[in-house]
Amino acid sequence: MALLKIHHYPDPVLKKMAAPITDFDEALRQLAHDMAETMYAAPGIGLAAPQVGISKRLTVIDCSSREEEASLLVLINPEIVEREGESYEEEGCLSVPEYYAKVSRSAVVKVRFQGLGGETHLIEAQGLTAIACQHEIDHLDGILFVDHLSPLKRSIFRKKWKKIQEHMTEQM
Ligand code: K1U
Ligand code: ZN
């Protein structure tokens with residue numbers, strides 16, 4: 001089992017626009033597999049390649065509950081092609097541990113993406129899956145959920161983040 005290191009804010013890899021994937025090869029399948037294992041171990045409901053230090057347009061998502069069967073989505077070069085409605089729900093981020101905030105998103109999104117064989121898919125996502133798709137595609141564009149906060153909430157976040165980091169270093 002290969003668990004990957006999750007990079008934390010303010011690592012510059014999290015601010016970069018990730019590059020499209022062109023090679024649908026064994027290395028890509030291995031990376032998707034390792035990212036899924038890292039996401040399940042964290043635990044999280046999503047993980048984007050930049051969070052593991054790889055600036056490529058790949059993300060894994062699984063919003064199934066413990067009682068349900070796992071339902072892993074591997075999204076390569078994903079794009080939101082349609083949006084509908086509004087949602088305002090609390091989010092977390094494995095790259096910003098211990099901090100949570102409500103973010104405005106679309107309630108329903110249609111996402112076009114490629115699979116591991118390079119084939120094109122189109123899905124309609126709603127609820128938590130729609131929020132996770134938007135959060136993860138933001139990661140591919142170098143955007144973190146805290147970038148959606150108002151200037152006041154962001155300055156509160158920066159102060160809280162200093163304390164969270166101090167707390168994390170004390171624990172190490
Ligand atoms: O991309 C990430 O940082 C992962 C992030 C995804 C996400 C969470 C909430 C709303 C939108 C996107 C996480 O998975 S944070 C951890 C989390 O939400 C969770 C962990 C265990 C069980 C259930 C949820
Ligand atoms: Zn995140």
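Predicted model: local features only at pLDDT ≥ 70, side-chain atom pairs only at ≥ 80, totals over all residues.

Trainee: Which residues coordinate the zinc ion (ligand 2)?

Mentor: Donors here are N, O and S atoms within 2.8 Å of the metal (3.2 Å for Na, K and Ca), and water is not among the atoms, so sites may look incomplete. The donor residues follow the spacing C-x41-H-x3-H in sequence. At 2.1 to 2.3 Å from the zinc ion (ligand 2), the coordinating atoms are SG of Cys 93, NE2 of His 135 and NE2 of His 139.

Trainee: How many residues apart are Cys 93 and His 135, and where does each sit?

Mentor: Helices (H or I, at least four residues) and strands (E, at least two) are DSSP runs, numbered from the N terminus. Cys 93 is in the loop between strand S4 (87-91) and strand S5 (101-105), while His 135 belongs to helix H2 (residues 127-140). The pair links distant parts of the chain, 42 residues apart.

Trainee: Is Cys 93 buried or exposed?

Mentor: The cut-offs are under 20% relative accessible area for buried, over 50% for exposed and partly exposed in between, with a 1.4 Å probe and protein chains only. His 135 has a relative accessible area of 8%, so His 135 is buried. Cys 93 has 8% relative accessibility, so Cys 93 counts as buried.

Trainee: Which element gives the largest share of the lining of the largest pocket?

Mentor: A pocket is an open set of points on a 1 Å grid over the protein atoms alone, where a 1.4 Å probe fits, with protein on both sides within 12 Å along at least five of seven lines; lining residues have an atom within 4 Å of a point. The largest pocket is lined by 21 residues, with Ile 45, Gly 92, Cys 93, Leu 94 and His 135 nearest its centre. The elements that give two or more residues to that lining are S4 and H2. The largest share, 6 residues, comes from H2.

Trainee: What is the volume of the largest pocket?

Mentor: Grid points are joined across faces, edges and corners, and a volume is the space filled by probe spheres set on the points. For the largest pocket that comes to about 340 Å³.

Trainee: Which residues does Ala 32 contact, leaving aside neighbours within four places in sequence?

Mentor: Ala 32 lies in helix H1, and with 4% relative accessibility it counts as buried. Contact means heavy atoms within 4.5 Å. On that basis, Ala 32 is in contact with Leu 58, Val 60, Val 74 and Leu 116.

Trainee: What is the omega of the cis peptide bond from Ala 42 to Pro 43?

Mentor: Pro 43 sits in the loop between H1 and strand S1 (46-48). Another cis peptide bond runs from Tyr 9 to Pro 10, with omega near 10°, and Pro 10 is in the segment before helix H1 (26-41). For the bond from Ala 42 to Pro 43, omega is near -5°.

Trainee: What is the phi of Asn 77?

Mentor: Asn 77 is found in strand S3 (residues 73-84), and it is buried, with a relative accessible area of 14%. Asn 77 is not a glycine, yet its phi is positive, at about 50°.

Trainee: And what is phi near in Glu 98?

Mentor: Glu 98 lies in the loop between S4 and S5. At 43% relative accessibility, Glu 98 counts as partly exposed. Its phi is positive in a residue other than glycine, near 70°.

Methods. Residues numbered from 1 in each chain as written. Chains lettered and ligands numbered in written order. Heavy atoms only, no water.
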